[in-house]
Structure formats: structure tokens, C-alpha cells
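Visitor: I'd like a close look at one spot in this protein, please. Pick a single residue, walk me through its surroundings, and then show me what else ties the chain together.

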Amino acid sequence: MAESGLAMWPSLLLLLLLPGPLPIAGTEDAAFPHLGESSQPLLRACPLRCSCPRVDTVDCDGLDLRVFPDNITRAAQHLSLQNNQLQELPYNELSRLSGLRTLNLHNNLISSEGLPDEAFESLTQLQHLCVAHNKNNLISKVPRGALSRQTQLRELYLQHNQLTDSGLDATTFSKLHSLEYLDLSHNQLTTVPAGLPRTLAILHLGRNRIRQVEAARLHGARGLRYLLLQHNQLGSSGLPAGALRPLRGLHTLHLYGNGLDRVPPALPRRLRALVLPHNHVAALGARDLVATPGLTELNLAYNRLASARVHHRAFRRLRALRSLDLAGNQLTRLPMGLPTGLRTLQLQRNQLRMLEPEPLAGLDQLRELSLAHNRLRVGDIGPGTWHELQALQMLDLSHNELSFVPPDLPEALEELHLEGNRIGHVGPEAFLSTPHLRALFLRANRLHMTSIAAEAFLGLPNLRVVDTAGNPEQVLIWLPPTTPRGPRAGGP
């Protein structure tokens, strides 16, 4: 799982929790679905310059407001004040709006001083609260008791502030008995906050300064499904054995960029996705992954794994594994004992010098295989290497040292990447074994006008893309007559 995918979760939760039409993806309103609608407004009071598309909705986005609007209808359930210049929240105005369900204060100038202890006291119906990304990051604490009455709050966004351990206490979140999503990323925390509610499903603590995860801090959050700890400072000892034991239902653990030198021990048995790229893991032992037999996704990209230190039984228990990412390591050969249920295998940017049939044996469900940016030559690919990859649809051999198209490629192949090699000739039988090929990438090789045999693409009725740009000479390609387009050319 990449970090960018995580940003969609708050929006997805909101779509499930709030009625009304879908928001337009990529807009600020995507996090607050009601606020982007443009229906005919009713004749009623609405704050100056704001819009009130529904009787329960007040939208004051991006108006450079410096003062909280003073004539918001008591019927308001959804109020957006994001992208303004507000410095404080007046209690007397907020106390009138006891029916609010959504309050968006994203990207203002609110500081801890502008957030009175009783600011949200009367907002007992609140379900979604965003106080994230207030400019130069001014919120350093949540006043004691400020969230004690928000028992219906489901989503709380406090990211991109200056929250510290002393700015939160054991009661800050403990009364939020409906809370499902909590975003505390991009703050200054050094430990996991105490008093997390049992209902919490997603906890985002990325880009803090967390050095230690203690089991005691997670006992209350036993329902947690997604724990995001990327870009912290856990190092070799910050996630000791048993630290995550209370999280028996944990689905995804994200530990990108933490300086870890091994796979954390004693992880929750039901874990499905373990994301560990850009750490310092240098070895995989025979028992490092036995505690998580249910993993479907394992990402160990951009670590320090060398072939000699990957045990041949390291993956033996991972029968449910579907995606394995080992890109950007120091592997010189394919790992042995790969799970036979794999669908995707990423091995780009290693130091592979040979491919043999044995490590790929049994991978008859593999659909995508990336071997780009290695040191492979055609002579390094053993006979029968592709024989059992009967379901393979995408093969990336780009940026290696191939001098011609490897023979006997998998029959199911639809997409073949050979760009950035040393290919100077494509013979008439180059693609006889791949009748389903749809896209072929040959750019940046050593092809000339006469380098590709005229018969090379016969028998490829599905071929739609042939990329030969960036070669020494323009290459004219004649696609099969069943293809809707005629000659396809690529050039420098």
C-alpha cells in the first residue's frame, strides 16, 4: 500500500456516513459531501458572502474571513469555514449551533489560545470535525475536556499542527465513544496517545517523532484496523515484541521510513497488509513471518535485502500472499519458496544477474512480474524460465542488458516492456509464443529502420500499442491488418 492511497480513507468514510449526492473527487468538498452542492437556495438568512444551498448547510469556504460569522442559522447541520483567516472560535456563536454534525475549520489561523476549553461543549451532535492544517502549525494542545461531550463524533482531523505529548492527555479522546477515524499525522508526538476509544478503526500517526510504541497505549483501541506509523523514528527498538498484541483485528500496518533493521516480531496474527518500504531490513529469517500467515500484501521495497540473507523458507507460511514487493534491494537472484498464490511480484531495481525456472515454479497465478532495472542478459535467462507462468499478463524487462527479445515468453502475455535495453534486431519469430500481446514497448534500444522483420507482428491481432521512440533511427511498424490503424512509427 502507497502513502497517497491513505488520503482517500476519510472521504470514503464520509460517503458511507453522510447522505446526499457524491462529491467531485479531488475537490476540497470531497471530505464534506454536502458542502459542494449547488441546488436552488431557499429564501432564508445566510451569512454575508457565504452560500446556503440547503436549509441545513452553510458554506463559507475561502472568503478570507477574519471573524466568525454571526448570523448562522440554528438549523445548520453542516458548516464549512475552511481556507479563511480565523484566529479564534467564539464560544457564544458556536453554542447556538447545537445541531451541527459537520464542522470544517481546515486551513485557518487558529492557535491553541484561540481554542477555548469549552469551544465545542454544546456541539453534542457533531460527527465530523476538521481542525487540520492551521497556518505555521499553531495548535499545540487540545484543551482538557474540549471533546468530552462529542459522543457522536466519528471523524476527527487534527493533522498538520504542532500537537505534542503534553498537549494531549488520557481524557482527550476517551469520551469519543463513536470515533472511527483519527488523524494526528504531521505533528510533534513522540508516543502513541493514551485513552484511545474502542471504536477507533483508523489511526493515522504518520510523520511525527514517535520512538516507542507501548502496548498499554493500545489496549483501549482493540478494534483498530489500520495503524499508520510511516515516517517516525522507531529504529531498531521502537516496536518491541508484543507491542501490537492488543490489536487482534489489525488489518494494515504501515511502517514506511522508520529505520527498522528487521521485520517487527510477534505481529497480530490476522494482519493482512504489512508495509515496510524504505527501512534498513537486511535479512529475512525462516521464522520472521510465521506469526502472520494471513498476509495478502507484503511490501519490503527499498530495504537492504541480499540474496544470501533471505532464507529459502522465509515465505513458506504465507499461503494467502497475493502481492510481494521486493523492489530496490540488493538481490542477485530470485528468492526461493515464493507463495504459489502470488498475483503480483515486484523485483525491479535489484542486482539480478540470472533467472532460473526453479524459483518461479508453481507461480501459475502470477499476473504481473517486474524485473526492470536489473542486469539481465538473454543468456542469463535459463530454458523454461517462463514455462509455468501461465497467467502472466504483464512482464517488465525494461532497463536491463538484453540484446534481443527473450524466446518462449508466456502465452497469456498482454503487455511487454523491453525499453532501455540493447536490442538491435527483432526477428520474424520474436512473438510467436505471445499471440495475445496488446502493448509492446521497445523505445530507447538500438533499433534502425531495417531492424524489425516485417513478419514479426503477424499473428498478433490484439496489438494496439508499439512504442519504438528514442531509437537511433525512426522505425516504421506495420501492424496486422485486423488492427484498426495502419503503420505505426516511432523515432528519436
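Guide: Let's start with leucine 189 and its neighbours. Leaving aside residues up to four places away in sequence, leucine 189 touches Leu163, Thr164, Asp165, Leu168, Leu184, Leu205, Asn208, Arg209 and Ile210, where a contact means heavy atoms within 4.5 Å. Before going on, a word on the source: this is a predicted model, in which local features need pLDDT of at least 70 and side-chain atom pairs count only at pLDDT 80 or more, while totals for chains, interfaces and linings use all residues. Residues are numbered from 1 along each chain as its sequence is written, and side-chain values use heavy atoms, with hydrogens and water left out.

Back to our leucine. Leucine 189 sits in the loop between strand S7 (181-183) and strand S8 (202-204); helices (H or I, at least four residues) and strands (E, at least two) are DSSP runs, numbered from the N terminus. One of the contacts, aspartate 165, is 24 residues away along the chain, yet the two C-alpha atoms are separated by 5.4 Å. Leucine 189 counts as buried because its relative accessibility is 1%; the cut-offs are under 20% relative accessible area for buried, over 50% for exposed and in between for partly exposed, with a 1.4 Å probe and protein chains only.

Searching the whole structure turns up two aromatic pairs. Here rings of Phe, Tyr and Trp (its six-membered ring) pair if their centres lie within 6.5 Å, and planes under 30 degrees apart count as stacked, over 60 as edge-to-face and the rest as tilted. Tyrosine 157 and tyrosine 181 make a tilted pair, 5.4 Å centre to centre with 40° between the planes. Tyrosine 157 belongs to strand S6 (residues 155-157) and tyrosine 181 to strand S7, so this pair ties together parts 24 residues apart in sequence. Both tyrosines are buried: tyrosine 157 has a relative accessible area of 4%, and tyrosine 181 has 1%.

The other pair is phenylalanine 431 with phenylalanine 457, and this one is stacked, at 5.8 Å centre to centre and 15° between the planes. It links distant parts of the chain, 26 residues apart: phenylalanine 431 is in the loop between strand S17 (415-417) and strand S18 (439-441), and phenylalanine 457 is in the loop between S18 and strand S19 (465-467). Phenylalanine 431 is buried at 3% relative accessible area, and phenylalanine 457 is buried at 3% too.

Now for the covalent ties. The whole structure holds two disulfides, meaning pairs of cysteine sulfur atoms within 2.5 Å. Cysteine 46 is bonded to cysteine 52, S to S 2.0 Å, and that link is right-handed, with 85° about the S-S bond. Cysteine 46 is partly exposed at 26% relative accessibility, whereas cysteine 52 is buried at 8%.

Cysteine 50 is bonded to cysteine 60, again S to S 2.0 Å, and their link is right-handed as well, with 110° about the S-S bond. That pair joins distant parts of the chain, 10 residues apart: cysteine 50 lies in the loop between helix H1 (9-17) and strand S1 (51-54), and cysteine 60 in the loop between strand S2 (57-59) and strand S3 (78-80). Cysteine 50 and cysteine 60 are both buried. Counting bonded cysteines along the chain, the pattern is 1-3, 2-4.
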